[in-house]
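Dear colleague,

I am passing on the structure below for your own work. My notes on what was found in it follow directly after.

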Amino acid sequence: MPRHNNNNPSPSATFRQELTLNPTPRSQSIVDSIYSQSQYSESSDSTAASSIDDAPVRRPLRPGVYVPTLTFFKADTEDLDLEIICRHAVRLANAGVAGLTTQGSNGEAVHLSHQERKLVTKATRNALDAAGFHSFPIIVGCGSQSTRETIELCREAMTSGGDYALVLPPSYYKAMYKPDSL
């Protein structure tokens, strides 16, 4: 991964990436691999579907700073602004961070549909790949109030180009948790 000065200007306004916004069909065995692998890996590698082809890609988590990205919207329509999302992801990668977290901790994920969440991850992965950051890991926030939806979000994150899942316990039920059950 190239290291650059943090004071670099943002990528040119002419940065355009042709995005394939419709996910390509993935092998069910790749999707199911999330559940067949131990949650603890000695190599700390992920197996994710590549946006370049359908072959599994390993993107290890490396020591360093992992930055939560913002989800940008168009002011006039409130639709996702995929161009800005892509430019921002590449700018952060060029700044030298170790990886990105989409829908992780900025609060907007709960306001996105499943399709929009997939689009954010896919656009981020495609932009990073197009800029030469093929081994750059993406951590995707997949927490939900239900276990079933959390699993669904994890599967969708993987098929959209995410490498790791960030899952938090449901906050709505906090009062029901006893310290000894955690």
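Arginine 125, which is found in helix H3 (helices being DSSP runs of H or I of at least four residues, numbered from the N terminus), is buried, with a relative accessible area of 0%, where buried means under 20%, exposed over 50% and partly exposed in between, for a 1.4 Å probe and protein chains only. A polar atom of the arginine 125 side chain lies 3.1 Å from the backbone oxygen of phenylalanine 133.

Please note that this is a predicted model, in which local features need pLDDT of at least 70 and side-chain atom pairs count only at pLDDT 80 or more, while totals for chains, interfaces and linings use all residues. Residues are numbered from 1 along each chain as its sequence is written, and side-chain values use heavy atoms, with hydrogens and water left out.

The buried residues of H4 are Thr150, Leu153, Cys154, Glu156, Ala157, Met158 and Thr159, and the helix is followed by glycine 161, whose phi is positive, near 110 degrees.

Helices H3 (114-130) and H4 each supply at least two residues to the lining of the second largest pocket, a pocket being an open set of points on a 1 Å grid over the protein atoms alone where a 1.4 Å probe fits, with protein on both sides within 12 Å along at least five of seven lines, and lining residues having an atom within 4 Å of a point. Of its 23 lining residues, Ala109, Val110, Arg117, Gly143 and Ser144 lie nearest the centre.

Best regards

Key:
A polar contact is a pair of N or O atoms within 3.5 Å; within protein, one must be able to donate a hydrogen and the other to accept it, and residues adjacent in sequence count only if both atoms are side-chain atoms.
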